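I opened this notebook to record what I looked up, one topic at a time. The entries follow the order in which I consulted the structure.

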Amino acid sequence: MIENSSFESGHSIRKLAVSCNMDSFGHSIGQSPLPGDPFWHQVLDRILNIADKHCVPITFFVIGSDLQDVGIAKRVKELNQLGHEIANHSFSHPQNFGLLDSATIRNEIALAHNLIAQCTGMEPVSFLSPGWNVNPYQGSILKSLGYSSDSSYFPHFILQLALIKMIQKKVIDRLQGRKTIQYSYREILSRQDYLLPLLGVEKWLKLKGLQKEVPLLPMENGNKIFPPPYWFTLEYFSKHLAQSSFRNFCKTGQKYLVIHPADFSDISDVKSIRSYKTNSLGRMDIGYKKYLKLFEERLLNLKLHGAQFTRMRDLND
Ligand SMILES: [Zn+2]
């Protein structure tokens, strides 16, 4: 049972998870799996150092195709043995996930599911769609595979602002002659969930004639319009907005913190990779060290206020 009581009381324990959307560097340059992928090696070590130091389990949402590399599969196996959760983030991370047909969606989910099960010996039970892009077919497919949670829903306008930022980055890259190979404009905009922030999850499902097939863990912060839900990348958008979202996160019912490996990396990690200049991850142009320290501070702050960290799979217990 999750306690939703305020941290402000300073007494109650609140279960919280850390969701690491393990979008690999290889994926960002269209080369998944990338042997020696820095995100799966030195960047993962940075995250694990902090997780180990503060005994915080992390749920790693893994792109299935990355597991075809022996080195990455070995790391995933180790993470599982250390007690972290290995969860499903689709096979190839198609950014137009929302508009794909039922057979393709089943394939995307089942292929990643089987690769994770083979690698760890445990079937994954938590799912996150690529880019929080929801598809009408995913619920029944996840149910048939025994999933216990789906955190693909992001019912807030801030996600749409993030899409605009992705497009803006593509335009700037093009003007600067920097080739961006990840995602076409069409893929970025191929969504079915533009009304999600207006309607909320329940009404949106009803509008689409869908049932809630597995328990949902939407990315929401007490259903507030402002400030938006806190996720770590927000620190790169605006310090003030992130600060106000984090304060709200401490007080309300948001159940997990989201991080990405790109939050803790910069171009020094990837300059030996020939095609690194094609990456479209804007925040990698900025040094990561201060953000790594900030992540640790955020975790400590949450712990001081009574957070008990758990895996996504245990949030609904
Ligand atoms: Zn992703």
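Entry 1. I began with Pro227, which I found in the loop between α8 (196-207) and α9 (234-237). The peptide bond that leads from Phe226 to Pro227 is cis, with omega near -5°. I noted that the model is a predicted one.

Entry 2. I then looked up Pro33, in the loop between α1 and α2. The bond from Ser32 to Pro33 is also a peptide bond in the cis form, with omega near 0°. I recorded these bonds because most peptide bonds are trans.

Entry 3. I turned to backbone angles. Cys55, in the loop between α2 and β2, has a positive phi of about 50° although it is not a glycine. Trp132 lies in the loop between β4 (126-127) and α5 (138-144), and its phi is positive too, about 50°. Most residues other than glycine have a negative phi.

Entry 4. Cys55 counts as exposed, because it has 9 C-beta neighbours inside 10 Å.

Entry 5. I examined the strands. β2 (residues 59-62) and β3 run parallel and are joined by four bridges; Thr59 has Glu85 in β3 as its bridge partner. With helix α3 (residues 70-81), β2 and β3 make a right-handed β-α-β unit. In β3 (residues 85-88), Glu85 and Ala87 on one side and Ile86 and Asn88 on the other are all buried.

Entry 6. Lastly, I checked confidence. The chain averages a pLDDT of 90, but pLDDT stays under 50 over residues 1-11.

Note on methods. Residues numbered from 1 in each chain as written. Predicted model: local features only at pLDDT ≥ 70, side-chain atom pairs only at ≥ 80, totals over all residues. Buried ≥ 20, exposed ≤ 12 C-beta atoms within 10 Å, placed from the backbone. Helix = DSSP H or I, 4+ residues; strand = E, 2+ residues; numbered from the N terminus. Pairing = 2+ DSSP bridges. Right-handed = clockwise from strand over helix to strand, strands pointing away. pLDDT = per-residue confidence, 0-100. Contact = placed C-beta atoms within 7 Å.
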